[in-house]
Amino acid sequence: MDAKTEVTRSAYARRQEALPRANSRFALFVATAGGLGYLPKAPGTWGSLAGVFIFALIQAPLDHRGVGERMGWATLAAAPIAMAIAAAGVWGSNRAAQYWGKKDPQFVVIDEVSGQHLTYLLALAPVNWEYLLLGFILFRFFDIWKPFPARQAESLPGGWGIMADDWIAGVYAATGLWIARAFGL
């Protein structure tokens, strides 16, 4: 057995010891947003699109209502789902980071799903394709830029650090949607 094989085997063994087998598969499924994180190009963008899709899916049954009435229902329907995604994200991303031995593995995209969903939840914007698109663009911009305190939030331990910077990007993007609405966009 050569040194390279020994290093590979020991890294694999460390991953297997980090998590019980059943938990690791489910945690990786959660952390990668059902496998979207494994897509070869721009996994974070795919995770954000999943957040858009989830929010739009929640709102679809409410489309027959007026915008003002729908926005109240949107918050009621989206808030517990946002909290569930956030909690699952902290748990799953923490375990995935342990499994891969990295602080914030690129495969973990549940943070983008959660941050994107939070954008729309906090914005209370009308649910139409223009606001969904603008919210997506704003969220990706702030997620990549990481303005204060997003970059600092990455230093939080485990899954909290992986998730928190995207939550902050979601707050910034929601603020952008509020501003867009104030200007009549």
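Colleague: How many residues line the largest pocket, and which of them lie nearest its centre?

Modeller: Bear in mind first that this is a predicted model. The largest pocket is lined by 17 residues, and those nearest its centre are Gly44, Gln106, Val108, Glu112 and Asp143. Its volume is about 230 Å³.

Colleague: Which helices supply at least two residues each to the lining of the largest pocket, and which helix gives the most?

Modeller: Helix 3 (43-59), helix 5 (110-123), helix 6 (129-145) and helix 8 (158-182) each supply at least two, and helix 6 gives the most, with three residues. Sorted by class, the lining has nine charged, six nonpolar and two polar residues.

Colleague: What makes the pattern of the chain α-α-α-α-α-α-α-α?

Modeller: The chain has eight helices and zero strands, and reading along the sequence gives that pattern.

Colleague: Why is Ser48 called buried?

Modeller: The label buried applies under 20% relative accessible area, and Ser48 has a relative accessibility of 0%, so Ser48 counts as buried. Ser48 is placed in helix 3, and, leaving aside neighbours within four places in sequence, it is in contact with Glu112, Gln116, Phe136, Phe139 and Arg140. For the chain as a whole, 45% of the 185 residues count as buried.

Colleague: How do you know that Arg140 and Asp143 form a salt bridge?

Modeller: The cut-off is 4 Å between a side-chain nitrogen of Lys or Arg and a carboxyl oxygen of Asp or Glu. In the pair Arg140 and Asp143 the closest N and O atoms are 2.7 Å apart, so by that cut-off the pair is a salt bridge. Both residues lie in helix 6, three residues apart, which is about one turn of the helix. In general, side chains of opposite charge can pair when their charged atoms come close.

Colleague: Are Arg140 and Asp143 buried or exposed, and what are their relative accessible areas?

Modeller: Arg140 has a relative accessible area of 13% and is therefore buried, and Asp143, with 5%, is buried as well.

Colleague: Which residue does Lys146 pair with at 3.3 Å, and which at 2.6 Å?

Modeller: Lys146 forms a salt bridge with Asp143, the closest N and O atoms being 3.3 Å apart, while the side chains of Lys146 and Asp165 meet in a salt bridge at 2.6 Å, N to O. Because Asp165 lies in helix 8 and Lys146 in the loop between helix 6 and helix 7 (150-153), this second pair ties together parts that are 19 residues apart in sequence. By relative accessible area, Lys146 is buried at 15%, and Asp165 is buried at 2%.

Colleague: How many salt bridges does the structure hold, and which residues are linked in a network of them?

Modeller: The structure holds four salt bridges, and the network links Arg140, Asp143, Lys146, Glu154 and Asp165.

Colleague: What share of the contacts with a separation of 6 or more comes from residues 24 or more positions apart?

Modeller: Such residues account for 75% of those contacts in the chain.

Note on methods
Residues are numbered from 1 along each chain as its sequence is written. This is a predicted model: local features need pLDDT of at least 70, side-chain atom pairs count only at pLDDT 80 or more; totals for chains, interfaces and linings use all residues. Side-chain values use heavy atoms; hydrogens and water are left out. On a 1 Å grid over the protein atoms alone, a cavity is a set of points where a 1.4 Å probe fits but cannot get out, and a pocket is an open set with protein on both sides within 12 Å along at least five of seven lines; lining residues have an atom within 4 Å of a point. Grid points are joined across faces, edges and corners, and a volume is the space filled by probe spheres set on the points. Helices (H or I, at least four residues) and strands (E, at least two) are DSSP runs, numbered from the N terminus. Ala, Val, Leu, Ile, Met, Phe, Trp, Tyr, Cys and Pro count as nonpolar, Asp, Glu, Lys and Arg as charged, and the others, Gly among them, as polar. Buried means under 20% relative accessible area, exposed over 50%, partly exposed in between (1.4 Å probe, protein chains only). Contact means heavy atoms within 4.5 Å.
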